[in-house]
Amino acid sequence: MKLTNINKSFGNKHVLKNTTLDFPAGKTTVMVGPSGSGKSTILRSLNLLVMPESGQYDFGNHHLDFSHKVSSKDKLAIRQETGMVFQDYNLFPNKTVLGNIIEGPTQVLKQPKQEAIKVARELLAKVGLTEYGEAYPHELSGGQAQRVAIARALAMRPKYILLDEPTSALDPELELSVLKVLLQLADERQSMVIVTHNMVFAKRVADKIIFVEDGEILYDGSPTSFFAPNNPNQRIKNFIASMT
Ligand code: ADP
Ligand code: MG
C-alpha cells in the first residue's frame, strides 16, 4: 500500500506535508520518531480514521484521491483490510475474550458463530492464551490484553495489521510476551506497520524503517543503514542514542 503526497492539518497546524510512503506487502515496516511528529496520523490515515485533505492512497485495487470524498464502499473495504491495534487495547469490557474476538467476524463478516469460535480458539493458541477464552478483560494482565487485541485484529483476516505503540503501556516483562507474538507474525510474513519506541525490537523486526520528525520523513530505508554506527545523519544517531 502506498500514500502519495498526502497533506493533513489539524486547525492551522500542518502535520503531514506532501508525505509519500510505501508499505510493502508481506513485510514489517516500523515507524519511529519523537512524540508529536505525526506517526499516529500516518498510521490512522492508512485505515481512514484520519482523512487527509489531499493526496492519493493506493491499496490493492483501491485508488483513493483525498481531494474528493472517499466513497463509503472504499472506506468500508479499507477499514476491513487494515486491522488496528491500539496502545490501550480497546477491548470490549463486558465481553469475554472469545466474545471480543468473534465480534467482528460474526457481526461484520457474517461468519457462523461456531466457525468464528473455532478460528478464535486457534488464534488464542497462537498468541499463547489457550486457557483464557472465557476470561473477561479485567482479569487479564496488560500483556495478555494486548495479545487478545492482536488476535481480535487477526480474526478479521486483514491484509495489514497496524499497531500504534502496542507495548508502550506495558512493563518490560509483559512487553516481551507481545513482542514475541509480533516477531512470529513477521516471520510468517504478515504485512504490518508498527509504531514503536523500542529500538532493540525495531532493529530486530523491521524490514523497513521510517523516521518521522515534525511531519517530515527524514529516513525511509533499510534498518541496517538506519542503525549503522556510521549513519551520516547526526539527528538520527542522537535519536537512537536517546532511546536506548
Ligand atoms: P505522534 O504519533 O508521532 O506522537 P501524532 O500523529 O499523534 O504524533 O500528532 C502529530 C501532531 O498532530 C501533534 O502536534 C498533535 O498534537 C497533532 N494532532 C494529532 N491528532 C490531532 C487531533 N485529532 N486534533 C488536533 N491535533 C492533533
Ligand atoms: Mg502517536
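pLDDT is the predictor's confidence in each residue, on a scale from 0 to 100. In this predicted model, local features need pLDDT of at least 70 and side-chain atom pairs count only at pLDDT 80 or more, while totals for chains, interfaces and linings use all residues. Residues are numbered from 1 along each chain as its sequence is written, and chains are lettered from A and ligands numbered from 1 in the order in which they are written.

**Figure 1. Confidence of the predicted complex.** The protein chain has a mean pLDDT of 96, with 100% of its residues at 70 or more. For the complex, the predictor reports an ipTM of 0.98 and a pTM of 0.96.

**Figure 2. Shell around ligand 1.** Phe10, Lys13, Val15, Gly33, Ser35, Gly36, Ser37, Gly38, Lys39, Ser40 and Thr41 surround ligand 1 (a residue is near a molecule or strand if its C-beta atom, placed from the backbone, lies within 6 Å of it). Strand S2 (13-22) and helix H1 (39-46) are the elements that give two or more residues to this shell; helices (H or I, at least four residues) and strands (E, at least two) are DSSP runs, numbered from the N terminus. H1 supplies the largest share, three residues. By class, the shell holds two nonpolar, seven polar and two charged residues (Ala, Val, Leu, Ile, Met, Phe, Trp, Tyr, Cys and Pro count as nonpolar, Asp, Glu, Lys and Arg as charged, and the others, Gly among them, as polar).

**Figure 3. The largest nonpolar core.** This core has 61 residues, and Leu162 and Val193 have the most contacts inside it. A nonpolar core is a set of buried Ala, Val, Leu, Ile, Met, Phe, Trp, Tyr and Cys residues joined through C-beta atoms within 7 Å. Helix H5 contributes the largest share of the core, eight residues. Beyond its neighbours within four places in sequence, Val193 contacts Phe23, Thr29, Met31, Leu43, Leu46, Tyr160 and Leu162 (contact: C-beta atoms, placed from the backbone, within 7 Å).

**Figure 4. Leu46 in helix H1.** Leu46 lies in helix H1 and counts as buried because it has 20 C-beta neighbours inside 10 Å. A residue is buried if 20 or more other C-beta atoms lie within 10 Å of its own, exposed if 12 or fewer, and partly exposed in between, with C-beta atoms placed from the backbone. Not counting residues up to four places away in sequence, Leu46 touches Met1, Thr82, Leu162 and Val193. Leu46 and Thr82 are 36 residues apart in sequence, with their C-alpha atoms 7.7 Å apart.

**Figure 5. Arg157 in a loop.** Arg157 sits in the loop between helix H5 (142-155) and strand S7 (160-164). Arg157 counts as partly exposed because it has 14 C-beta neighbours inside 10 Å. Between the C-alpha atoms of Arg157 and Gly142, 15 residues apart along the chain, the separation is 24 Å.

Technical notes
Two residues are in contact if their C-beta atoms, placed from the backbone, lie within 7 Å.
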